[in-house]
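The entries below follow the order in which I checked them.

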Amino acid sequence: GSRDNMSVVLICFPGAPKVSPEAMKREAELDKYLEARVEEIIKKQGDEGVPDLVHVMRTLASESIPNLPPGGELASKRSVIETVYNKLNPYRSDDTVSIQLFTQLFLLSAVFVYCMAVIV
């Protein structure tokens, strides 16, 4: 779901740690949870219409969501959230720029908090 010009090449040597089945299970559970929450947030608006994607992200960011990936937090799950949002709201206006800005600011704040925790 990346919309920038960054690329990553990951080289795994034979002795590299393997992905644990437990971590994959937690990731799948987190995705299901986020999908359900996005659906709830959209349905909760009722007569007010469908909220924009930034509203959905801000609502989720204000919640205490378990098992978010360290470092990336909620911003790392943006593609999951955006996919569900787009599926439930096919007539949305394009708010790509504002959600990208929100994601970048959120990632920067998560990195800052992490760095401060390491320093202390």
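I started with V9, which sits in the segment before α1 (21–44). For the helix names I used DSSP runs, numbered from the N terminus: helices are H or I of at least four residues, strands are E of at least two. The model is predicted, so I kept to its limits: local features need pLDDT of at least 70, side-chain atom pairs count only at pLDDT 80 or more, and totals for chains, interfaces and linings use all residues. Residues are numbered from 1 along each chain as its sequence is written, and side-chain values use heavy atoms, with hydrogens and water left out.

V9 is exposed, at a relative accessible area of 73%. I took buried as under 20% relative accessible area, exposed as over 50% and partly exposed as in between (1.4 Å probe, protein chains only). Together with I11 and F13, V9 makes a nonpolar surface patch of about 390 Å². Patches here are made of residues with over 30% relative accessible area and no salt bridge; like charges are joined within 9 Å, nonpolar side chains (Val, Leu, Ile, Met, Phe, Trp, Tyr) within 5 Å. The areas come from the Shrake-Rupley method with a 1.4 Å probe, and for residues only the protein chains shown count as cover.

Next I went through the overall make-up. I found 4 helices and 0 strands, in the order α-α-α-α along the sequence. Of the 120 residues, 28% count as buried.

How do α1 and α2 cross? Their axes come within 10 Å and cross at roughly 120 degrees, which makes α1 oblique to α2. The crossing is right-handed. For α2 (residues 53–61) and α3 (residues 78–88), the axes come within 11 Å and cross at roughly 130 degrees, so these two are oblique as well. I noted α2 passing α3 in a right-handed crossing. Axes are lines fitted to C-alpha atoms, for helices over the stretch in contact, with angles from 0 to 180 degrees between N-to-C directions. Angles under 35 degrees count as roughly parallel, over 145 as roughly antiparallel, 65 to 115 as roughly perpendicular and the rest as oblique. A crossing is left-handed if the near helix is turned anticlockwise from the far one by less than a right angle, and right-handed if clockwise.

I then searched the whole structure for salt bridges (a side-chain nitrogen of Lys or Arg within 4 Å of a carboxyl oxygen of Asp or Glu) and got 6. R26 and E22 pair at 2.9 Å, N to O. They are 4 residues apart in helix α1 and therefore separated by about one helical turn. K77 pairs with E27, the closest N and O atoms being 2.5 Å apart. This pair links distant parts of the chain, with K77 in the loop between α2 and α3 and E27 in helix α1, 50 residues apart. K77 is buried at 4% relative accessibility, whereas E27 is partly exposed at 34%.

E63 and R37 also pair, at 2.3 Å between the closest N and O atoms. E63 is in the loop between α2 and α3 and R37 is in helix α1, so the pair ties together parts 26 residues apart in sequence. R37 is buried at 14%. Salt bridges with shared partners join E27, D31 and K77 into one network.

Last, I checked backbone angles. N67, not a glycine, has a positive phi of about 65 degrees; N67 is in the loop between α2 and α3.
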